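My entries follow in the order in which I looked.

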Amino acid sequence: MSATSFNNQLPWASRQVEYTVGQSPSAFSSTSEELNALRAGCGVFDLGSRSKLVVTGRDRTRWLNGMVTNNIRDLAPGSGVYTFLLNPQGRILGDMYVFNRGESFLIDTDRQQADKLTQLLKKYIIMDQVVLSEADSRLITSLGMEGPQAKEVLQRAGCEPGELQPLEVADRTWNDASVSLVRSLQGGYMIWLSPENAGTMWEALVSSGATQVGTEALEMWRIATGIPRYGTDIRERDLPQETGQQHALNFSKGCYIGQEIVERIRSRGAVHRRFTGFTFEGRLPAVGTKLERDGRELGEVTSATVLPSGQAIGLGYLRREAGEAGATIDAGGVQATVADLPFII
């Protein structure tokens, strides 16, 4: 069974949409109910569109530390970091989570990036004792949980997470099956498990109080939380500091591809534009809409959605001189107001 096909055996909504890679339900009930679960309760959702790459070999730590922007060298077993892969000009070629699994590193990334990242990384395995391979999707898939009640739901389902730090991994046995719990940066959990156990786990979480969440509410929550997606909000032309994802960078780790540009930006103290949020009056501007003032282009919209409350919000880039939160700007004939992230919903 593939990493994304377990969902076909669940009583999911018939409406399905393309969400990154693979088919996931667009909604189970109402988007309002599902979004509220992510915000104030517990929502469970499919992460089968994530791919896992495995790095093994004697030189794996030194080699991978020289590839990415965060500190792999000092990563303790059972912990992880969010990081970028850059080109020599400092532009972002991909993003990923890297976890130290003891005898290997596990790279978690969106499936649409997996082949590209694999090819790019393998180009730099020259004289190194390193093996990079993709984890067998028949053996591992992922579920996601978010919301302030996520821990309690896991406990009621018989899977005790303990006190985990962000991106810390805990290996557990649940119903005689091996699962790994990862604390997310937003306070929820990712659950790594075999596809054959994913349906049972899903049903146990729902029975324990989790609300099933489809792609519509999940996308609203992503935008409202201010989480950029690679390929949508982070592109190859973007520089790391422009994205606002400072937790992807380490400035004391030593050399890596693109480090010179990252360090040069840090020494100057700022970038010309920044990743930020917007609220919109009237119709929702299309993704890619340019942001202008007095005929001058100052940025663009990269993601946008209308929340169940009717509030129109979006993400994008804006030149620093265009103003902080509360400043207004034109988005294709729609008034956009700069907003701090995350949004309050």
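**Backbone and packing notes**

I found Asp-176 in the loop between S10 and strand S11 (177-183), where helices (H or I, at least four residues) and strands (E, at least two) are DSSP runs, numbered from the N terminus. This is a predicted model, in which local features need pLDDT of at least 70, side-chain atom pairs count only at pLDDT 80 or more, and totals for chains, interfaces and linings use all residues. Residues are numbered from 1 along each chain as its sequence is written, and side-chain values use heavy atoms, with hydrogens and water left out.

I noted that Asp-176 is not a glycine, yet has a positive phi of about 65 degrees. Asp-176 counts as exposed because its relative accessibility is 79%; buried means under 20% relative accessible area, exposed over 50%, and partly exposed in between (1.4 Å probe, protein chains only).

I then looked up Leu-167, in the loop between helix H4 (150-156) and S10, and read a positive phi near 65 degrees there, again in a residue other than glycine. Leu-167 counts as buried, because its relative accessibility is 3%. Most residues other than glycine have a negative phi, and most peptide bonds are trans. I also noted a cis peptide bond from Leu-341 to Pro-342, with omega near -5 degrees, and placed Pro-342 in the segment after S19.

For the strands, two of them pair if DSSP finds at least two bridges between them. I traced an open sheet of six strands with mixed pairing, in the order S10-S11-S12-S9-S3-S13, whose edge strands, S10 (169-174) and S13 (211-212), each pair on one side only. Within this sheet I checked S9 (residues 141-146) against S12 (residues 189-193), which pair in the antiparallel sense over five bridges, and found Trp-192 in S12 as the bridge partner of Ser-142.

I followed another six strands, which close into a barrel with antiparallel pairing in the order S14-S17-S16-S15-S18-S19. In S19, I noted Ala-336 as the bridge partner of Ile-329.

How do H1 and H6 pack? I read an angle of about 45 degrees between helix H1 (residues 31-40) and helix H6 (residues 215-225), with their axes 9 Å apart; axes are lines fitted to C-alpha atoms, for helices over the stretch in contact, and angles run from 0 to 180 degrees between N-to-C directions. I recorded that Thr-31, Glu-34, Leu-35 and Leu-38 in H1 meet Glu-216, Ala-217, Leu-218, Met-220 and Trp-221 in H6, contact meaning heavy atoms within 4.5 Å.
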